[in-house]
Amino acid sequence: MKRAERAERAGKMKHVALALLGRSWLLVLLVAAWELAARRAGDLYFPPPTRIVSAMRELWWSGPASRLWLSDRAVDDFVPSLSHLLLGWALAGIVGIAVGVVIGLSRIAYLVLDPVLQFGRAVPPPTLIPFFMVAFGLGTSMQLAAIVFGVVWPVLLNTADGVRAVEPVQLDSARVFGLGGFARLRYVVLPAAAPRIFAGLRVALGFALILMVIAELMGSGDGIGSRLNAAEREFRPDQLWAGIVLLGALGCVLNGLFLLVERKALAWHRGARRMST
Amino acid sequence: MLEIAGLGHRYDDGHQAVAGVELHVARGELVSIVGPSGCGKSTLLRCVAGLQRPSEGRIAVGGRPVDGVPDDLAVVFQDYTRSLFPWLTVRDNVALPLRRRGLARAQRREQALAALAQVGLDGVAGKYPWQLSGGMQQRVAIARALAYRPALLLMDEPFGSVDAQTREDLEDLLLSVRGGADRGGGSEDRGGMTILLVTHDIDESVYVGDRVVVLTGAPGRVHSELRVELPAPRDQIVTRGLPEFVKLRAEVGRAVRRP
């Protein structure tokens with residue numbers, strides 16, 4: 001039994017390693033080709049990947065080992081950016097789920113609020129940043145407002161959809177077995193809507209990164225976006241590229257972490273769907 | 001236990017599902033309701049369960065008029081795959097309704113496991129409903145209703161989509177639990193469970209019922225009632241071979257086909 005388990009685990013790891021290899025070879029090849037082409041061209045605007053990496057190291061990873069090699073500048077850049085991103089996303093998540101549940105449960109709330117929501121969703125979020133700058137000044141409140149306003153929509157609308165789509169038989173069961181309003185929400189409505197809520201949160205996470213960068217680029221004293229502004233002023237294409245690569249990597253990491261949580265939380269959903277096909 | 005007087009229901013789209021239904025069910029009785037499809041059987045059950053407010057007539061459960069879902073009432077829905085919660089394990093599905101009973105977590109689990117054992121599902125408490133076969137899922141739904149220890153149990157074509165063998169097992173399970181002997185030691189004695197079973201299977205209605213109520217189609221009304229006086233314990237082979245059984249099912253069959 002134990003041995004079979006171990007064999008199975010070893011087999012699984014081999015499978016994962018092969019899958020990683022299968023998926024990464026093209027990336028490695030492309031980066032290598034980029035390196036060669038960039039070196040041959042010798043264009044200042046298109047530095048080779050090795051130059052970009054060394055710019056990244058110089059900017060952010062020249063610190064002491066005790067701090068994971070993060071430089072002071074990395075702390076100054078990452079902490080405000082990441083904290084705004086995550087805080088704004090979390091706030092938008094809470095507001096979006098709360099309002100989405102109300103709209104999903106109440107037909108009247110839906111009818112009254114739907115036109116407002118459709119309009120709010122249609123406003124391109126970056127257009128509000130100048131207004132937020134006037135209203136809140138430069139700084140944390142402005143950035144948070146920009147992120148929250150921009151990313152609340154996918155969460156809110158997905159939650160409302162998910163809540164409206166709960167199986168009527170499941171709701172009947174909950175009522176027959178005496179689950180009152182709160183218990184019904186906690187044990188039936190929210191779990192049933194969870195797949196859509198998670199989908200909304202994932203889209204929102206991607207939006208949050210975009211809005212974080214825009215807000216920082218449009219003017220604020222700190223964060224990765226303001227580092228990009230500085231690199232532009234100092235005419236350092238290698239640092240600009242370093243910022244681009246860093247933000248891309250950050251997006252991948254955030255998405256990957258979110259998927260891990262989602263997989264765990266929605267294991268039942270994937271299982272049930274697999275069974276029903 | 002259950003009093004239905006002059007019950008009629010017309011849906012918003014104008015469809016009259018049931019009209020003038022009169023039915024009295026005594027405590028501890030198992031009444032089968034049969035009728036052609038579209039005779040408003042499900043509407044009748046939904047009205048008794050308090051899930052649907054009837055447009056006319058009165059329903060009282062345990063002497064109290066039905067206004068919202070009555071206490072001490074459980075339902076086994078026809079659509080078991082959708083009435084169970086796929087995000088909860090089998091045990092938690094059965095234990096969830098017991099929150100209402102004010103039991104501690106450990107007691108809820110214990111009672112859930114006992115009910116699962118009653119339907120022969122001891123081994124799968126930790127699995128999810130969608131990992132089980134259709135017949136097992138339906139047994140989970142039955143265990144959920146039994147663990148709740150209702151005074152009145154409503155079943156809406158509960159064995160409609162399981163195979164013949166499982167169906168017979170579940171019918172016998174129903175007969176065994178309603179006997180009261182298996183109901184475990186509830187602190188207060190509520191007497192035997194009263195069961196209302198909606199089915200489209202004429203044999204089944206006679207085999208499990210104390211009484212068979214035949215509804216006629218659109219709009220549904222009570223066509224006739226037949227008392228089933230077959231000896232207990234009932235047995236799938238012996239009972240179904242009795243001349244009385246054959247006579248009764250022919251009578252019910254005629255009533256269903258010729259309104």
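Chain B splits into domain 1 (2-72 + 152-257) and domain 2 (84-149), with bounds that come from an automatic or database domain assignment. This is a predicted model, in which local features need pLDDT of at least 70, side-chain atom pairs count only at pLDDT 80 or more, and totals for chains, interfaces and linings use all residues. Residues are numbered from 1 along each chain as its sequence is written, while chains are lettered from A and ligands numbered from 1 in the order in which they are written.

**Domains of chain B**

- The centres of domain 1 of chain B and domain 2 of chain B, taken over C-alpha atoms, are 24 Å apart.
- Their contact takes 13 residues from domain 1 of chain B and ten residues from domain 2 of chain B; two residues are in contact if their C-beta atoms, placed from the backbone, lie within 7 Å.
- On the side of domain 1 of chain B that touches domain 2 of chain B, helix α6 (residues 164-178) of chain B gives the most, with four residues. Helices (H or I, at least four residues) and strands (E, at least two) are DSSP runs, numbered from the N terminus.
- That side of domain 1 of chain B has six nonpolar, four polar and three charged residues. Ala, Val, Leu, Ile, Met, Phe, Trp, Tyr, Cys and Pro count as nonpolar, Asp, Glu, Lys and Arg as charged, and the others, Gly among them, as polar.

**Helix contact in chain A**

- The contact of α8(A) with α9(A) is made by A:V213, A:E216 and A:L217 of α8(A) and by A:I224, A:G225, A:S226, A:L228 and A:N229 of α9(A).
- By class, the residues of this contact are four nonpolar, three polar and one charged.

**Interface of chains A and B**

- Chain B gives 20 residues to the contact and chain A gives 17 residues.
- On the side of chain B that touches chain A, β6 (73-76) and α2 (80-83) of chain B are the elements that give two or more residues.
- β6(B) gives the most to this side, with three residues.
- The side of chain B that touches chain A holds 15 nonpolar, one polar and four charged residues.

**Sheet in chain B**

- Four strands of chain B form an open sheet in the order β2-β1-β4-β5, with antiparallel pairing; two strands pair if DSSP finds at least two bridges between them.
- β2 (16-25) and β5 (64-65) of chain B are the edge strands, and each pairs on one side only.
- Strand β1 (residues 2-10) of chain B pairs with strand β4 (residues 56-61) of chain B in the antiparallel sense over five bridges.
- B:E3 has B:A60 in β4(B) as its bridge partner.
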